[in-house]
Amino acid sequence: MNAIVAVDANWAIGAQGDLLFSLPTDMKRFRTITSGGTVILGRKTLDSFPGGKPLPHRRNIVISRNLDLTSEGAERVSSPEEALALAEGDENVWVIGGGSVYTALLSRCERVLLTKVDSAAPEVDTFFPNLDKLPNWKVESVSEPIVENGLTYRFIDYVNTAL
Ligand SMILES: NC(=O)c1ccc[n+]([C@@H]2O[C@H](COP(=O)([O-])OP(=O)(O)OC[C@H]3O[C@@H](n4cnc5c(N)ncnc54)[C@H](OP(=O)(O)O)[C@@H]3O)[C@@H](O)[C@H]2O)c1
């Protein structure tokens, strides 16, 4: 299992229920990498998708304590552990957020595919753990910079040396 995330210069990932940046090349890469696989996400991240609908062409496992949550094309589970159990045996499993779900499942991820934006977003309220401060996470590769919508960003792959 891996995680995929876009962070700003301070490891922020969201504000007021939404993403911080619009990065078309990054979104396309996210689609390509996760399509055909299983995505594990929190209920608030599901709410942030267009129409609150799950992502097409992927198995969507949504974590929520709300037993009444139904969303066509999504499977609801009550905890991160239950999500892992349901995804067991799936080949291409991606933790796709948000902050609470990344934090809960990070230690179980072999890799994090990080999109790192050079600048700091002005208003933020949700963060990804700073992998540069965690001893078991090492940078595996760094892409050339991409410039888009006035922002510079890189794809940085981290590997979990504890697994
Ligand atoms: N930059 C990126 O790559 C990226 C990716 C994804 C999301 N985001 C951003 O991240 C923000 C959302 O993150 P978030 O942390 O606020 O919310 P979240 O992780 O998406 O969802 C939180 C919800 O998930 C459920 N949940 C989480 N942990 C649980 C547990 N242990 N047991 C049972 N249910 C649990 C709860 O749902 P209920 O309240 O229904 O019980 C909780 O309210 C948004 O701003 C979004 O745009 C950014």
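**A walk from the ligand shell outward**

Five elements each supply at least two residues of the shell around the ligand: β1 (2-7), β2 (12-15), β3 (18-19), α2 (43-48) and α4 (99-105). The model is predicted. Around the ligand there are 27 residues. Those that come nearest are Gly 14, Gly 42, Gly 97, Gly 98 and Gly 99. What is the make-up of the shell by class? Nine of its residues are nonpolar, 14 are polar and four are charged.

The largest nonpolar core has 35 residues. Within this core, the residues with the most contacts are Ala 3, Val 5, Val 7, Ile 40, Val 95 and Val 112. Strand β1 gives the core its largest share, five residues. Val 5 shows whom a core residue can meet. Setting aside residues up to four places away in sequence, Val 5 touches Ile 13, Gly 97, Tyr 102, Val 112, Leu 114 and Phe 128. One of these, Gly 97, is also among the residues that come nearest to the ligand.

Now follow the parallel strands. Strand β4 covers residues 38-42. It pairs with β5 in the parallel sense, over five bridges. Leu 41 stands opposite Val 62 in β5. Helix α2 belongs here too: β4, α2 and β5 make a right-handed β-α-β unit. Helix α2 is also one of the elements that supply the ligand shell.

Is strand β5 largely enclosed or largely open? Four of the five residues of β5 (residues 59-63) are buried, so the rest of the structure largely encloses this strand. Ile 61 has Glu 75 as its bridge partner in β6. Val 62 stands opposite Arg 76 in β6. Ala 74 and Arg 76 form the covered face, while Glu 75 and Val 77 form the uncovered one.

Strands β2 and β3 are joined by two bridges. Ala 15 stands opposite Asp 18 in β3. Strands β2 and β3 both supply residues to the ligand shell as well.

Two residues complete the tour. The first topic is Phe 155, found in strand β12 (residues 151-160). Phe 155 counts as partly exposed, because it has 19 C-beta neighbours inside 10 Å and a buried residue needs 20 or more. Leaving aside neighbours within four places in sequence, Phe 155 is in contact with Leu 113, Thr 115 and Ser 143. Pro 145 lies ten residues from Phe 155 in sequence, and their C-alpha atoms are 8.0 Å apart.

The other topic is Thr 25, in helix α1 (residues 24-34). With 14 C-beta neighbours inside 10 Å, Thr 25 counts as partly exposed. Which residues does Thr 25 touch, not counting those up to four places away in sequence? They are Ile 146 and Glu 148. Thr 25 and Ile 146 are 121 residues apart along the chain, yet 8.7 Å separates their C-alpha atoms.

Definitions and conventions: Residues are numbered from 1 along each chain as its sequence is written. This is a predicted model: local features need pLDDT of at least 70, side-chain atom pairs count only at pLDDT 80 or more; totals for chains, interfaces and linings use all residues. A residue is near a molecule or strand if its C-beta atom, placed from the backbone, lies within 6 Å of it. Ala, Val, Leu, Ile, Met, Phe, Trp, Tyr, Cys and Pro count as nonpolar, Asp, Glu, Lys and Arg as charged, and the others, Gly among them, as polar. A nonpolar core is a set of buried Ala, Val, Leu, Ile, Met, Phe, Trp, Tyr and Cys residues joined through C-beta atoms within 7 Å. A residue is buried if 20 or more other C-beta atoms lie within 10 Å of its own, exposed if 12 or fewer, and partly exposed in between; C-beta atoms are placed from the backbone. Two residues are in contact if their C-beta atoms, placed from the backbone, lie within 7 Å. Two strands pair if DSSP finds at least two bridges between them. A crossover is right-handed if, with the strands pointing away from the viewer, the path from the first strand over the helix to the second runs clockwise.
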